[in-house]
Amino acid sequence: MSAELQQLYQQIILEHAKKRNGSPLADPPPGDKSGESHMLNPTCGDEITLRAAVHNDGAATTLSAISWDGQGCSISMASASVLSDLAQGMDREELLKVVDNFRELMRSRGSIEADEEILGDAAALSGVSRYPARVKCAMLAWVALEEALLAAN
Amino acid sequence: MSVVSTPATLKHAAGMIDDAEARRIRNDFPILSQQVNGSPLVYLDSGATSQNPLCVLEAEQEYYEQRNAAVHRGAHMLAVSATDAFENARETVAGFINAGMDEVVWTSNATEAINLIAYAFSNASVGRGGDAAARFVVGPGDELVVTEMEHHANLIPWQELAFRTGATLRYIPVDDAGALRLDEAEHIIGPRTKVVAFTHASNVLGTINPVATLVRLAREAGAAVVLDACQSVPHMGVDVKALDVDFAAFSGHKMLGPTGIGVLYGRAELLNAMPPFLTGGSMITTVTMEKAEYLPSPQRFEAGTQRISQAVALAAAVDYLRETGMDRIHAWEAELGQRLVAGLEAIDGVRVLGPAAGAERIGLAAFDVDGVHAHDVGQFLDDKGIAVRVGHHCAQPLHRRLGLVATTRASTYLYNTTDDVDAFLDAVAGVRPFFGVN
């Protein structure tokens, strides 16, 4: 077993892949705007439907609810799970910055150290960046969230 | 004139291929000697693309070093030499499948070959090719028949032909085990059927389809038969005349040749009556500002500068396969295929698609590991230097029919050994424990 593979499939990733926090899809809180996105990774059939709701209290817009249904590899499912934990309750603009941070990490081919302060459990996905063929799996839920937020606007 | 030297170890080979012979063969393939992640490469993805023996690489290099020129034009020495090499390659490949020289059309790959047929039908259907092409006309009320196990390359071109012409696409379903429902086929193929297109050997199930039965049904209906031979021509002796198909398609890169070249076989009578697909230079007799007259097959279908070095290298690959012996290759891969299936069936939580151990199959096996996605299986195997294919293998409808989204596939070729298969089986046995699935 290589160190890279152990780094890729950390225990926390395998646990998230099973727990699937944020799944299944749930109705958005009444009164909040919501948007939905369906994403497909055609090379392997990973699939996710993600729903995001935002609440505006006049001063700021926060993510009031995130939920999803999906099927796919452990990386794509774990990624959706950690994202759900991370995004819940976050300021919308902050959240979009975190998505960019994660995307940059995924595309880094291992050259960037994950910032746990910013990414939480998602930092455990940093090992994916050494496997370019798997970056799409890890990004699936995050791209779906971006699209769902746009739709909720 | 032969441009390729065949390795001495393979000349006049006799008897069955065994592990010792497979190891000798393996030594002819430079890429297979490398280490991956600290382990010797175990290449079990030849169903997707095969590797090249040194003689194939040398043939391509020799062509560029000694002969490179445009073919079928120019009077200089190199042009003649290149044309000879190009047409000799055609003769070699034609002989390999028992076709005539005018029955082998070079394409980019099997996908383009099948699209060529579909677009020729399409062009005939809008009147191109005149009366001679009347037999290729399809329209509302006509039916195109495929099977539920087709690779997308032998499905989507027919879907599109149906959309363009108003014809109806129908398919022969498979049963729960993935076998073709021949009882259904008898009802589906009928007087309305214009095309019956099906795969010779399934790239997912490993089954060899009953060509004779389907050809008989197509003949009774007066339909053209299109055979996807991508997984058969590289692995067993294929005689297109004995199979009595009208068209067949296969790819060079799956049979020890380079990428960028494929073959369309068509009966000469049909090819010479068919309107062209791609048009342009090198495929014409007379051109005016208004219209053009076309050469007979195969030039009619070879517009533009051709894949000359690829054709030459493919012929070298065919020479290599013939020297090794297609019957020997088929027998060896069947043995490896049985070892794969028997071994996989013995692993808890593994479901093999297609025929059970003991039943006929080519040397590949696709399987599902309960609780672990195919992508994760493939990643785990790659870590041990084992290369397999993961995903739907360009057969989404078949996977859907079998209740799956993605599977893992191990596919063998003449250079694989029982050690390769055993290393793979050992690794698969470790998949569920690693991912914590019981």
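The model is a predicted one, so please read each point below as a computed value. Helix H4 of chain B is mostly covered, helix H3 of chain A is largely enclosed by the rest of the structure, and the two chains bury about 1,500 Å² between them.

**Helix H4 of chain B**

- H4(B) runs through residues 110–125, which makes 16 residues.
- From first C-alpha to last, H4(B) reaches 23 Å, close to the 22 Å expected at 1.5 Å a residue.
- At the start of the helix, look for B:Asn109: one of its side-chain oxygens comes to within 3.2 Å of the backbone nitrogen of B:Thr111.
- Past the other end, H4(B) is followed by B:Gly127, which has a positive phi, near 100°.
- Twelve of the 16 residues of H4(B) are buried; among them are B:Glu112, B:Asn115, B:Leu116, B:Ile117 and B:Phe121.
- The cover over these buried residues includes helix H5 (156–165) of chain B, together with strands S4 (104–107), S7 (193–199), S8 (224–228), S9 (247–251) and S10 (262–266) of chain B.

**Helix H3 of chain A**

- H3(A) takes in residues 74–87, and its end C-alpha atoms lie 20 Å apart.
- That agrees with expectation, because 14 residues at 1.5 Å a residue should span 20 Å.
- Of those 14 residues, 13 are buried, so the rest of the structure largely encloses H3(A).
- H3(A) is followed by a glycine, A:Gly89, whose phi is positive, near 85°.

**Where chain B meets chain A**

- On the chain B side 14 residues are in contact with chain A, and they touch 20 residues of chain A.
- Carbon and sulfur atoms account for 57% of the roughly 1,500 Å² buried between the chains, a figure given as about 1,500 Å².
- Ten residue pairs are in polar contact between chain B and chain A.
- One salt bridge is found across this interface: B:Asp376 pairs with A:Arg134, and their closest N and O atoms are 3.0 Å apart.
- Helix H12 (residues 374–383) of chain B supplies the largest share of the side of chain B that touches chain A, namely five residues.
- By residue type, that side of chain B divides into seven polar, five nonpolar and two charged residues.

Technical notes
Residues numbered from 1 in each chain as written. Chains lettered and ligands numbered in written order. Predicted model: local features only at pLDDT ≥ 70, side-chain atom pairs only at ≥ 80, totals over all residues. Heavy atoms only, no water. Helix = DSSP H or I, 4+ residues; strand = E, 2+ residues; numbered from the N terminus. Expected span 1.5 Å × (residues − 1). Buried < 20%, exposed > 50% of the residue type's maximum accessible area, 1.4 Å probe, protein only. Contact = heavy atoms within 4.5 Å. Polar contact = N/O pair within 3.5 Å; in protein donor to acceptor, adjacent residues only side chain to side chain. Buried area = accessible area lost by both parts, 1.4 Å probe. Salt bridge = Lys/Arg side-chain N within 4 Å of Asp/Glu carboxyl O. Nonpolar A, V, L, I, M, F, W, Y, C, P; charged D, E, K, R; others polar.
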